[in-house]
Amino acid sequence: MKGENDGKTTAVYPGSFDPVTNGHLDIIRRAANVFGRLIVAVGANAAKTPLFSVAERVELLRSVTRDLPNVEIDHFDGLLVDYARSKGAKVIIKGLRAVSDFEYELQMASINHRLDDRIETFFMMTSPKYSFLSSSIIREVARLNGSIAGLVPEEVETALRAKFSAGGSSPERSRLPSQSGPR
Ligand code: PNS
């Protein structure tokens with residue numbers, strides 16, 4: 001049953017998801033095929049200032065994963081390993097796009113292993129068609145009114161358009177000229 005760990009292997013897929021892209025969704029779908037219970041967890045990356053609030057990111061993730069019964073959406077503060085342990089998860093899922101991701105992810109996996117060696121980090125290669133994709137690239141293209149069709153779910157496209165439309169209150173938006181209409 002959703003929300004319970006009834007003998008299924010639980011994995012946590014953490015990230016900023018600011019916003020969720022089709023690259024993330026690809027990892028979510030494939031991981032949900034492997035693990036009995038997948039928790040997609042929005043966490044705080046100290047190095048980033050988010051565009052979407054945690055509540056907005058959670059809502060978008062819920063919307064785009066509603067057809068996946070063994071996927072739960074959550075958010076967490078504090079250490080990832082503490083959160084994973086509190087959920088009964090032994091596995092952390094990370095997506096790797098390119099060699100450039102490797103060094104940072106190796107560092108994260110190593111410190112997380114040192115913090116709790118009962119929790120393993122599993123890496124999944126992002127599908128090549130999304131290997132260039134990142135939330136920051138999506139935010140930048142959307143901010144400049146470029147096409148992000150096919151790169152993010154429709155709900156995300158709509159949310160980005162709303163964020164960057166005139167009259168909003170996000171920090172990014174207030175620095176921008178107003179943008180009109182569809183791309
Ligand atoms: O999508 P991102 O920005 O690469 O996600 C990074 C995230 C949120 C997974 C990472 O910053 C994280 O795990 N934050 C929680 C704090 C933590 O446990 N950090 C690792 C030990 S320093």
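Two strands are taken to pair if DSSP finds at least two bridges between them. Helices (H or I, at least four residues) and strands (E, at least two) are DSSP runs, numbered from the N terminus. By these criteria strand S1 and strand S4 (residues 91-96) run parallel and are joined by two bridges. In this pair, Ala11 stands opposite Val91 in S4.

The structure is a predicted model, in which local features need pLDDT of at least 70 and side-chain atom pairs count only at pLDDT 80 or more, while totals for chains, interfaces and linings use all residues. Residues are numbered from 1 along each chain as its sequence is written. The pLDDT is the predictor's confidence in each residue, from 0 to 100. Its mean over the chain is 89, and 87% of the residues reach 70 or more. Residues 167-183 have pLDDT below 50, and this stretch has 17 contacts in the model beyond near neighbours in sequence; two residues are in contact if their C-beta atoms, placed from the backbone, lie within 7 Å. Where pLDDT is low, the predicted coordinates should not be read in detail.

The sheet is open and consists of five strands in the order S3-S2-S1-S4-S5, with parallel pairing. Strand S3 (71-75) and strand S5 (120-125) stand at the edges, and each has a single partner strand, so one side of each lacks a neighbour in the sheet. From one strand to the next the twist averages 30°. Axes are lines fitted to C-alpha atoms, for helices over the stretch in contact, and angles run from 0 to 180 degrees between N-to-C directions. Helix H2 (residues 54-64) packs on the sheet and touches S2 and S3, its direction making about 175° with that of S3. Helix H4 also packs on the sheet, where H4 touches S4 and S5 and makes about 170° with the direction of S4.

S1 pairs with strand S2 (residues 37-42) in the parallel sense over six bridges. Between these two strands the chain passes through helix H1 (residues 22-34), and the β-α-β crossover is right-handed; that is, with the strands pointing away from the viewer, the path from the first strand over the helix to the second runs clockwise. Tyr13 stands opposite Val40 in S2, and Gly15 stands opposite Val42 in S2. S4 and S5 likewise pair in the parallel sense over six bridges, with Lys94 opposite Phe123 in S5. S4, H4 and S5 form a right-handed β-α-β unit.

The loop between S1 and H1 contains Phe17, which has a positive phi of about 50° although it is not a glycine. Pro19 lies in the loop between S1 and H1, and the peptide bond from Asp18 to Pro19 is cis, with omega near 5°.
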